[in-house]
Amino acid sequence: MSTLCEIRDLSVTYDDQPNPALGHVTLDIAAGRRLAIIGESGSGKSTLARTLAGLLPPRTRVTGEIQWTGGTPPCPGRDLGLVFQDPSSSLNPVLTIGEQVAEGARQHVGLGWKQALARAQEMLERVRIAQADQVLRAYPHQLSGGQRQRVVIAAALAAKPTILLADEATSALDVVVQAEIVALLDDLVRDAQMTLIFITHDIALASGFADRLAIFKDGRLMEAGPTASVLAAPAQGYTRTLLQSHLDLTSPPLVEEAAT
Ligand SMILES: Nc1ncnc2c1ncn2[C@@H]1O[C@H](COP(=O)(O)OP(=O)(O)OP(=O)(O)O)[C@@H](O)[C@H]1O
């Protein structure tokens, strides 16, 4: 298993803030695997995502190191596809779906419009949008929330990035659509052998498909490890609380001992 990136003692403090949003984070991200970054609101998950994508606001103070295999950080949109929580705000209401999905391939791969539109249709088919040829000509408001998020994923994949970073990508969707989108992401990254960084507050959702979990609280990495090890023997009381808060009479236990 090769390493995509080594994060060492990373601290990030926003310009107007006295305290760091992330403090002394050390974490390895394995290439071609699925890492879930888990934490409650304000724990620093999106800050980590922005740092990895090179999208922090100006004057943010960053200390520590991020070493990327290959030396240079990935270019967002080209090497690193981004999917955020709210598909409505990721899509431009006055551009067709085709234009928006094709844009990444045009801008980052240098395809002409005709080829980029063909790539867009291929991507819409890959994210299992029915009648992709017609959807190319549709506008975002003509689609459901789940379809819009599939479109955003298609746009993120249009330049064929090697990393997909999904920040609360399913949180705005209902539970059934959420499960479909997670299954889709899982299939897509397996097929293309991409690295998936899946950010969520939902440990149960993440545990279903991530290879590794990294648990954050108050800007600190509480623990990280293979999903099965973290579930079977959480090292931190906080992780145990997260796991136990997902146990109820209708869901199967995540922790073996909790079943007894
Ligand atoms: N642009 C910003 N300027 C100043 N402070 C910020 C900025 N973005 C985030 N913060 C602060 O940094 C801390 C971490 O926020 P972050 O968004 O990374 O957490 P999160 O775990 O992603 O939370 P959520 O799930 O609510 O998005 C919070 O205290 C937040 O208020």
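**Figure 1. A strand pair at Leu164 and Leu196.** Leu164 stands opposite Leu196 in β7. The model shown here and in the other views is predicted. β6 and β7 run parallel and are joined by five bridges. Strand β3, residues 34-39, also runs parallel to β7, again with five bridges. On that side, Ala36 has Phe198 of β7 as its bridge partner.

Figure 2. β7 spans residues 195-200. Six of its six residues are buried, so the strand is largely enclosed by the rest of the structure. Both of its faces are covered. One side carries Thr195, Ile197 and Ile199.

**Figure 3. The whole protein.** The fold contains 10 helices and nine strands. Its radius of gyration is 19 Å, close to the 18 Å that the globule rule gives for 260 residues, so the protein is as compact as a globular protein of that length. Along the principal axes, the C-alpha atoms fill a box of roughly 55 × 45 × 35 Å. Of the 260 residues, 40% count as buried.

Figure 4. Domain 1 is made of residues 1-74 and 164-255, and domain 2 covers 83-161. Their C-alpha centres lie 25 Å apart. Each domain puts 14 residues into the contact. On the domain 1 side, β6 (163-167) and α7 (175-192) are the elements that give two or more residues. α7 gives the most, with six residues. By class, this side of domain 1 has 10 nonpolar residues, one polar residue and three charged residues.

**Figure 5. The shell around the ligand.** The ligand is surrounded by 14 residues. The closest are Tyr14, Ala21, Ser41, Ser46 and Thr47. What is the make-up of the shell by class? Nine of its residues are polar, three are nonpolar and two are charged. Helix α1, residues 45-53, gives the most to this shell, with three residues.

**Figure 6. Helix α1.** Is this helix enclosed or open? Seven of the nine residues of α1 are buried, so the helix is largely enclosed by the rest of the structure. The buried residues are Lys45, Thr47, Leu48, Arg50, Thr51, Leu52 and Ala53. Of these, Thr47 is also among the residues closest to the ligand. Gly54 follows the helix, with a positive phi near 70°.

**Figure 7. Ile215 in strand β8.** Ile215 lies in β8, which spans residues 212-217. Ile215 is buried, with 25 other C-beta atoms within 10 Å. Which residues does Ile215 touch, not counting those up to four places away in sequence? They are Ile38, Gly39, Met222, Glu223, Gln236, Tyr238 and Thr239. Glu40 is 175 residues from Ile215 in sequence. In space, the two C-alpha atoms are 9.3 Å apart.

**Figure 8. Val94 in a loop.** Val94 sits in the loop between α2 (87-90) and α3 (97-109). Val94 has 8 other C-beta atoms within 10 Å and is exposed. His108 is 14 residues away along the chain. The C-alpha atoms of Val94 and His108 are separated by 22 Å.

**Figure 9. Two loop residues with positive phi.** Most residues other than glycine have a negative phi. Arg59 is not a glycine, yet its phi is positive, about 70°. Arg59 lies in the loop between α1 and β4 (61-68). Arg59 is exposed, with 9 other C-beta atoms within 10 Å. Lys160 also has a positive phi, near 55°. Lys160 is found in the loop between α6 (145-157) and β6. Is Lys160 buried, exposed or partly exposed? Lys160 has 16 C-beta neighbours inside 10 Å, so it counts as partly exposed.

Definitions and conventions: Residues numbered from 1 in each chain as written. Predicted model: local features only at pLDDT ≥ 70, side-chain atom pairs only at ≥ 80, totals over all residues. Near = placed C-beta within 6 Å. Helix = DSSP H or I, 4+ residues; strand = E, 2+ residues; numbered from the N terminus. Nonpolar A, V, L, I, M, F, W, Y, C, P; charged D, E, K, R; others polar. Domains from an automatic or database assignment. Contact = placed C-beta atoms within 7 Å. Rg over C-alpha atoms; globule rule 2.2 N^0.38 Å. Buried ≥ 20, exposed ≤ 12 C-beta atoms within 10 Å, placed from the backbone. Pairing = 2+ DSSP bridges.
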